[in-house]
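Here are my notes on the model. Please read them with the structure open.

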Amino acid sequence: YLPVGDEIQRVEWQKVQGRFTDVPFQLPAEQLLALVSHALEVEAPEDLVSEWADVVEGCLQSDVVSSVVERLAPDGLLERCLPLHPTTALLLWPLFRSKIAQNERSLFAFLTSHEPYGFQHFLRDSGNGANRSSLYRLPNLYDYVSTALGLAVFRGDHARRWSLVDQLLSDIPTEAPEGCPEVIKSLGLLTMYGAQVGLSASGELLQLAVPEGVDVIRCLDYLESRSMIVFRRHRSAYALWEGSDVDLEEA
């Protein structure tokens, strides 16, 4: 392994690189989910586990998730990744193998660190009381990545879209329906990383991903009316409004 900043070693390696055969390796999504499931040891009351199981079952019954699960997460992998919400677990693979992260190293930093919005931070805050049944959802993951990686997200792949989500969050009017930030964060992550695992930001999927209690349809209608998001009819999915979009139907 050569440190990224060590230019001398990099040049020396390039001199002999032709003598070797490159063997690219990419950990499949199924194996990453299995890795996560083995890393988590869940000790929770039976009634809480039952509540979590109902959430997973609701996702599996959705057409937008079931086909992805059959291909990437067979044999009950998502159930063993609780309390990660199924949509969150599915996005871990494309997110932590992107240029802003370091694969398994970043994954386990996320699972074990006590940084704000991290997994351990979430477990500590939601381990009891009224929030004990909550799951770690896409808005939580967005908050962790943007906080833990900071400016790095604006230099990696999807840098423009990270900047766009950040700008949209700051532009949400005060009179906006409650839950609009959560919808934009979820939409942003699905737009950037969902396609790699077969997930699109449809209204149905956003209703599954966003925390319970949020009127997702109302938020989507409001954000679309404010030209902050746009519905791509040919994809049956929402996308971030990128400034140059034109509403052809209205025109």
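How many aromatic pairs does the count come to? The points below start there.

1. **Basis.** This is a predicted model: local features need pLDDT of at least 70, side-chain atom pairs count only at pLDDT 80 or more, and totals for chains, interfaces and linings use all residues. Numbering runs from 1 along each chain as its sequence is written, and side-chain values use heavy atoms, without hydrogens and water.

2. **Aromatic pairs.** The count is eight aromatic pairs. Rings of Phe, Tyr and Trp (its six-membered ring) pair if their centres lie within 6.5 Å; planes under 30 degrees apart are stacked, over 60 edge-to-face, and the rest tilted. One cluster is formed by F96, F110, F119, F122, Y136 and Y144.

3. **F122 and Y136.** The ring centres of F122 and Y136 are 5.2 Å apart and the planes stand at 90°, so the pair is edge-to-face. It links distant parts of the chain, 14 residues apart: F122 sits in helix 8, Y136 in the loop between helix 8 and helix 9. Helices here are DSSP runs (H or I, at least four residues), strands likewise (E, at least two), numbered from the N terminus. F122 is buried at 11% relative accessibility, and Y136 is buried at 0%. Buried means under 20% relative accessible area, exposed over 50%, partly exposed in between (1.4 Å probe, protein chains only).

4. **Helix 6 against helix 9.** Helix 6 (residues 86-96) packs on helix 9 at an angle of about 35°, with the axes 9 Å apart. Axes are lines fitted to C-alpha atoms, for helices over the stretch in contact; angles run from 0 to 180 degrees between N-to-C directions. Helix 6 brings T87, T88, L91, L92 and L95 to the contact, and helix 9 brings L138, L141 and V145. Contact means heavy atoms within 4.5 Å. By class, this contact has six nonpolar, two polar and no charged residues. Nonpolar covers Ala, Val, Leu, Ile, Met, Phe, Trp, Tyr, Cys and Pro; charged covers Asp, Glu, Lys and Arg; the others, Gly among them, are polar.

5. **Helix 13.** Which residues of helix 13 (residues 216-225) are buried? They are V216, C219, L220, Y222 and L223. Down the helix axis these buried residues fall within an arc of 165°, so they line one face of helix 13. The arc is taken from the directions from the helix axis to the C-beta atoms. On the other side, R218 and S225 are exposed. The buried residues pack against helix 11 (180-193), helix 12 (203-209), strand 1 (229-232) and strand 2 (237-240). Just after helix 13, S227 has a positive phi of about 55°.

6. **Salt bridges.** There are four salt bridges (a side-chain nitrogen of Lys or Arg within 4 Å of a carboxyl oxygen of Asp or Glu). One of them joins K15 and E12 at 3.0 Å, N to O. K15 and E12 both lie in helix 1 (residues 7-16), three residues apart, about one turn of the helix. K15 is exposed at 58%; E12 is partly exposed at 43%. R124 and D125 also meet in a salt bridge, at 3.4 Å, N to O.

7. **E212 and R137.** The closest N and O atoms of this salt bridge are 3.8 Å apart. The pair links distant parts of the chain, 75 residues apart: E212 is in the loop between helix 12 and helix 13, R137 in the loop between helix 8 (119-126) and helix 9 (138-148). E212 is exposed at 67%, whereas R137 is buried at 7%.
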